[in-house]
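Here is a short briefing for someone meeting this structure for the first time. Keep the 3D view open while reading.

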Amino acid sequence: MTFDFIAPVYDKLAQLVFGRALLTAQQAAWWQVPAGSDVLILGGGTGTLLPRFLRDKRPQRVLYLEASAAMLQRAQQTAANPSQVEFRYGTEASLEPTDQFDAILLPFVLDLYPNATLQAQLVPRLLAALRPNGALYISDFGQPRTWQQRAVMAAMLLFFRVVARIPVRHLPDWPAVLTRLGLVEQQSQTFRGGQLRVGRWVRAATVVPGPAAPPSAA
C-alpha cells in the first residue's frame, strides 16, 4: 500500500469529492487535543493542518509518522518550522518502545485496513504507545446511510485499491473493533449526514462514571 503516486494531487482530489469536509472533520478531532501534549500523528498526509495545530496547541512533542515518502516530504515543506516535529517514514510498526503519547491522531487511517488487521495489529500497537490516560482522536468515514453515500464509498475504495493498493473492499467496522479492544467513544460528532465521523476514544477503565440519577418518585 502506497500513496506516493497520488501524493501530488491527493488534496485536490479530496476537495473535488468532499469540498472542505475532510479538513473540517480532521480539525474537529485535532483541536480536541489538550495543549502541551505529546502527540503522534499517524498518516497525516501532506500536513495541511499541521502549522495551525503547532501554533494553537503548542504540543510538547510531535511525531509525524507517514508511510508515504512523497506525503512525508510535502508535510515537511508545509510545516512552518519543521524542527518542531519529528518526521518519520514508516507505519505503526516503526514505533519504538520508548515512544509514548498523550494523544494519537488518526486522520482517515482506519478505513484503509480490514477489521482483522485493525484488531490484531494496528490498534494494539497504537495502544502500546498510548499513555494510560491518553486518547485516540479519530476522524474517519462512518458506515454509509444512503445510496449516494454507498456509491461514493464503493467508488472511492475501488479507486484506492487500484492506485494505492489498499487491501479493503468494504469499509471496515472500525468503531466495533475499538469497542472490542476496550475503548469507549467520547465527544462524538458527525458531518455530511453521518458520512464522516469524529470522536475521542479512551480506555474504558479511564472513564469516570457520572453521578447516579436520583430515584424516580413512586
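Predicted model: local features only at pLDDT ≥ 70, side-chain atom pairs only at ≥ 80, totals over all residues.

Elsewhere, helices α1 and α6 cross at roughly 165°.

- Strands of a sheet pair through backbone hydrogen bonds, and the pairing is either parallel or antiparallel.

**The β3 end of the sheet**

- Strand β2 covers residues 61-66 and pairs with β3 in the parallel sense. The pairing has 4 bridges.
- Leu63 has Glu86 in β3 as its bridge partner.

**β4 and β5**

- Strands β4 and β5 run parallel and are joined by 6 bridges.
- Strand β5 is mostly covered, with 9 of its 12 residues buried.

- Strand β7 spans residues 196-203. Of its 8 residues, 6 are buried, so the strand counts as mostly covered.
- β7 runs antiparallel to β5 (residues 130-141), with 6 bridges between them. Here Asp140 stands opposite Arg197 in β7.
- β7 also runs antiparallel to β6, with 7 bridges between them. Here Val184 stands opposite Val202 in β7.
- β6 and β7 form a hairpin with 4 residues between the strands. In this hairpin, Arg192 takes a positive phi near 50°.

**Helices α1 and α6**

- Helix α1 covers residues 10-18, and helix α6 covers residues 147-163. Their axes come within 13 Å.
- The crossing of α1 past α6 is right-handed.
- From α1, the residues in contact are Tyr10, Leu13, Val17 and Phe18. They meet Val152, Met156, Phe159 and Phe160 in α6.
- This contact between α1 and α6 involves 8 nonpolar residues, with no polar and no charged ones.

**Two single residues**

- Is Gln149 buried or exposed? Gln149 lies in helix α6. Its relative accessible area is 10%, and under 20% means buried, so Gln149 is buried.
- Leaving aside neighbours within four places in sequence, Gln149 contacts Gln143, Pro144, Arg192, Gly193 and Gln195. Among these is Arg192, the hairpin residue with the positive phi.
- Is Thr98 buried or exposed? Thr98 is found in the loop between β3 and β4, where β4 covers residues 101-107. Its relative accessible area is 68%, and over 50% means exposed, so Thr98 is exposed.
- Thr98 lies 22 residues from Gln76 in sequence. In space, the two are 23 Å apart, C-alpha to C-alpha.

Technical notes. Residues numbered from 1 in each chain as written. Heavy atoms only, no water. Pairing = 2+ DSSP bridges. Helix = DSSP H or I, 4+ residues; strand = E, 2+ residues; numbered from the N terminus. Buried < 20%, exposed > 50% of the residue type's maximum accessible area, 1.4 Å probe, protein only. Axes fitted to C-alpha atoms, helices over the stretch in contact; angles between N-to-C directions. Left-handed = near helix turned anticlockwise from the far one by under 90°. Contact = heavy atoms within 4.5 Å. Nonpolar A, V, L, I, M, F, W, Y, C, P; charged D, E, K, R; others polar.
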